[in-house]
Amino acid sequence: MPTSAEWEDWCLETFFLNAAVDGKIEAIEINDERIVDFSNSLDIAGAHREFLSVLPSTIDGYLKGEISPSFKTVGKASARSLGGSEARPNFVRILLFFLWLQITASKDEDEGDIRRMASKALQRQSPQVLVGLHHMWVALSKWLRDHRDIVLVLPDHGNENHVGITKRLAFPTKRDLDLLRRVRDDGYSRTDLRSVTRRIAGDNSFDRTSPAFRRAFAAWQSTAVIDEEAARELPFMGAWVRVLAEKDIGTTIVLSCDEFGSIEALKCLADGRVRTLQTDRDFVSECRKLGSKIAKSTINGLLPLRKTGLASWIVTDSGGGDDYLVSHAAFENFTPAAQSTIHARGEVRYLPWRLCTIEFGTRKKVAAPQQVTSLRFIDKVRVGARGTYLGRWPMTPRVAFPGSERPILEIAGQPLDADHLGDGTASFPEGIWNGVARARTGRQSTEITLRSDAYPHADQDIRFIDRARHVPEDGVLHDTQPHDPDDLPIGMFETGVEPDPRLIALQEALYARSARTIPLQAAVDMASRVATMPGTPDVWGLVRLFVDSGWFDVPSLSQVPARILVQRRPSFRWRSKNDLYGMTIEGPLPIRLEDSIRRKAEALGLVLERNLGRTAWSLPKLWIGSREKEAVHAFIDSSDLGELQIAEARNRSIEWAAIEVGAEFERTGTWDSVEIRFGGNYATERWPRLSRMDRADRDTHARFLIEHENGLRETFVSANLALLRYLDLQDSPAFVASGDEIRAVHPRFRLPSSWARWLSVVHLRNCALQENDEGWSCSYPATFRSASILAEIYPALHMIPSHSATESGMLPWMERTRIRFAKDRRPIWLDGKLRATYDLGGLRTCLREHRDTS
């Protein structure tokens, strides 16, 4: 269960720091489900007990006004760019508890007086004195204004000096929700905000709703008239979509493809909750609820899809492209000519449907243009509390505009040439933008504030990986290293390349959005904005680049079948260089934090190196050193960086299996050794076989099982570790070490992240994405010594001493082409000799006599 400190941080961040829109909070939207979920309780009563247990023991003193609102010092890490400590409120959970008392569904109908509710909740015999609530609200408002640039609008307390603010801030009450449910049941939807606002304002009981509800609605109503997209960010929208989600209104069916080619169908509710559809019956039933056109398409077994990213699609009634969901039954009924136009891209997990691309030839379908009714900015990445958004192309906001007249863009009064994207949208031109940006078309105009970089997060604002809630992706290898970096040479590498500006834009966007973690699919969708551009790596390569460079972890949630992106803690690792005593900086390094570190190092007279990667698709690696050990320690003390704790472990792949699977798990996918993805035929794959296993209830993360012909079973939490172990057993080379790098043979093969980070510390440069015949693969810095250490642990890493042929006649370029030749078993010839052929048993090399071509 969460501790009192965790409750305090969660209340402050969820309901204040992350709830501010354009730097202002006018009402606080609270619901039972959110508090029940955070408390890890089964019901409201359990959450109530948990919340009571974390209130301070001196709560009577706070409520009576005998104890002044207290603050806790959280250390220099809370203000990294300033290098100073910060005092944070230590009483916010008290305020949230009393707000919750007024809106919880467990409140008795006749409970209207907050003092009686407080007395009952705290089990007091006499009415509870609440003088101190007013003082706490004033103290919190001042702290938010001074330290976070957020304006908490405190309502007029009327003639209730002590409790007036508390009674007028929280919504929605039961009466508020009843009004919203009546509007919903009258047929109003989430997408038509203007008609919804008119219906709510005209309801007979509107004047009897809570003051906070009316205040939040007024802000929502006025914003919806001008900018519907901005209205969807306001607190009132949270209450409205929660009511819609009770009846599955606003639900969408989304297809999501993971990095190993597995495809899932997800039901996404209006309030953001997501559920995997596990049976064909559920899938068909949910599709039929989306409208008559989609229901008819479901019956026909041909569902049109609209692409929303490089790895996601949404079920739609009008198509708009060549992507479809085709049921197995419908495919069998197609004529051979029709089947020849269908390219199957993968089976949907759990369902008898497959994702397909259909070639329509000259009758290719054209996407229907989206109906845009007002000029507004969309696809924004917020980087500040006061409605400030990232202004670094291509992650800049886009402009949705009505009609055919392209909008005029201005920033700081200077006109810009908008890039037309089609479908009623335009974007800022390539560049870095700061200041107020304005879009105009006809009589409409709207503006937004842009800045080129993200603010550094305070440690207290970040949710780091928690082994009690998160299952690390690297399993037993998480935060381990195979050897002490200081015992190995750094090596000589060619001059690095400055990162691509598009990669810098993505790093700022991911950093800004991930402080409290984000779903992995959300990170993939953000990366899609870069990956859809020419000359860029694939979307999964971009996400994995940040993970392997030590910015993020990608754990699974321990109790939910979902993966998230979690920021790693800024820290350091000792790494000497020549005769200098030094260290590497680990964790995320956005622009402002990197600049802060540079200024601090220069002020202390330290040497700072910004080591660049092999290609433009690599992140810089910072190293700081000095001949004086005291100077380095002074830097550590002033920046409040902690040493990253790494265990030394030389686990061979046979030791990576860590758990077992019970009878409640079933096989939901088999690794296809030819297609290099999950989706193969279990019966036809040769031993050993790699399978994905899920519990029948789909209520936890998957397991990955390797089965041997003799009955031996190895089970893994990590899909990557399972795949690497499988490749080792297959005697298939997964990586090739040659010269100053380790190269993955296939884009889906990746070293464990802990090894990639270890290599970056040893050689003072991060891994890089590099294009080859198979796509974009990862290149890791290495020397013969560091690669040999990994090859001893993992034999599927093949060592090639030089760029010349090995004794067996195998050349490096043979490794890069072997997967491409897998399907048709094409031979590799050189100088008239058969050097190698590839079959499913792995790479075979042999020497032959001169080929007779007569």
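In this predicted model, the largest nonpolar core takes in 117 residues. The residues with the most contacts inside that core are F283, F735, I742 and Y794.

Leaving aside residues up to four places away in sequence, Y794 touches S653, W656, L724, R725, L727, D728, A734, F735 and W755. One of these partners, F735, is also listed with Y794 among the residues with the most contacts inside the largest core.

H798 has a relative accessible area of 26%, so it counts as partly exposed; the cut-off for buried is under 20%. Its C-alpha atom is 9.6 Å from that of S732, although 66 residues separate H798 and S732 along the chain.

Elsewhere, four strands make up an open sheet, ordered β15-β18-β22-β21 and paired in antiparallel fashion. At the edges are β15 (376–378) and β21 (419–422), each of which pairs on one side only. On average, neighbouring strands in this sheet are turned by 35 degrees against each other, with direction ignored. As for the pair β18 and β22, residues 398–400 of β18 and residues 425–427 of β22 run antiparallel, with 3 bridges between the strands. Within that pairing, V399 has A426 of β22 as its bridge partner.

Key. Residues are numbered from 1 along each chain as its sequence is written. This is a predicted model: local features need pLDDT of at least 70, side-chain atom pairs count only at pLDDT 80 or more; totals for chains, interfaces and linings use all residues. Side-chain values use heavy atoms; hydrogens and water are left out. Buried means under 20% relative accessible area, exposed over 50%, partly exposed in between (1.4 Å probe, protein chains only). A nonpolar core is a set of buried Ala, Val, Leu, Ile, Met, Phe, Trp, Tyr and Cys residues joined through side-chain atoms within 4.5 Å. Contact means heavy atoms within 4.5 Å. Two strands pair if DSSP finds at least two bridges between them. Helices (H or I, at least four residues) and strands (E, at least two) are DSSP runs, numbered from the N terminus. Axes are lines fitted to C-alpha atoms, for helices over the stretch in contact, and angles run from 0 to 180 degrees between N-to-C directions.
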